[in-house]
Amino acid sequence: MKYPNVPTSKDVALLAGVSQATVSRAFSSSANLAPDTMRRVMEAANALNYRPNALARSLVSTHSNIIGVVKGHTRNVMFSEMLSEIVYGLQRADKRVIYFESEENDPIDSLTDKILQYQIEGLILMYVNLTSELTESCRQRDIPVLQMHRYSTGLKTNAVLPDNYRAAAEAATFFVERGFQNFVYLGGEINSSSNMERQLGFLKRLKQYGFGAPIVRHGLYTYEFGQQAMRELAPALSLPCAILCGNDMIGCGAIDVLKYEYKLEIGRDVALIGFDNIFMGSLPPYSLSTFTQPITEMAQDGLSLLFANIEDHKMAPVTHRYPLSLIERESTKKK
């Protein structure tokens, strides 16, 4: 349907006294026009209240400038921060974003057909376990894929990841050096790459110090799982005890049960470390020690990888891992 009174690039060209191609160039990110020509085009566009149609431009171009972004279901606000950084970077690069989010317990394959209906130049997956079906569909269409935060082994794509193994090993060293001899690991989804790396790093480092396997529980990366796990474990915990939590939400749930239901002193009786540095964990009732991720750097570097892959589809897959920094708060300070 063509709406009446909607100005077109032809109208702008006529008023400015230039060609329609010159108007298109004036609104491209790589515009290289004489200052007087640019001024005339912009004055005409403003007079007509003209705005270029990005979708229409993509139809006549070899590049759609559309990047698909898919985020898995999570209540962790850290991923909202990461999503914002990705979108900011795409906007600065003059890319258009089409966003999908998988519903709870739905596999990414349920979105494959919807994603591929669009002429996307690249696909970014956040907090998603990539499947061979989606990978093969993208490969057949020559669509580069970037995995962020999680990855699937055996599927060759670019990936930008936190160094979970190293951080969890650092947590084990931290606890041991402070005299703890009893340990618990509260992980998230058992088959997620982040959980497997954190659990392995924590257990291996404890073993190097001569400790046996700690108590291990898995669940969702939620406040409720932290509560549930502590209600199960707290009555039989050997104190003092050190707990590494798969994320800050788990840690906050655990603290509330330990502090208010079992009257234990956080930091002295039980020390806890989480991951992600969410705002909730920094509040005084929790003051949760945590590992923070370089979100801005990861987003920027990930986009650089994706853009390079869009330009060179034969580029060999690259994996970048980023060190995490421990922020010590009251949850690990013995009173």
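Is Phe 175 buried or exposed, and what is its relative accessible area? I looked this up and found Phe 175 buried, with a relative accessible area of 0%, where buried means under 20%, exposed over 50% and partly exposed in between, using a 1.4 Å probe and protein chains only.

I note that this is a predicted model, in which local features need pLDDT of at least 70 and side-chain atom pairs count only at pLDDT 80 or more, while totals for chains, interfaces and linings use all residues. Residues are numbered from 1 along each chain as its sequence is written, and side-chain values use heavy atoms, with hydrogens and water left out.

Next I turned to the rings. I found 8 aromatic pairs in the structure, counting rings of Phe, Tyr and Trp (its six-membered ring) whose centres lie within 6.5 Å, with planes under 30 degrees apart called stacked, over 60 edge-to-face and the rest tilted.

I then looked up Tyr 185 and Phe 202, which make a tilted pair with 6.3 Å from centre to centre and 40° between the planes. Because Tyr 185 lies in strand E6 (residues 183-187) and Phe 202 in helix H9 (residues 193-208), the pair ties together parts 17 residues apart in sequence; such helices (H or I, at least four residues) and strands (E, at least two) are DSSP runs, numbered from the N terminus.

Ring pairs also link a cluster that includes Phe 174, Phe 175, Tyr 185 and Phe 202.
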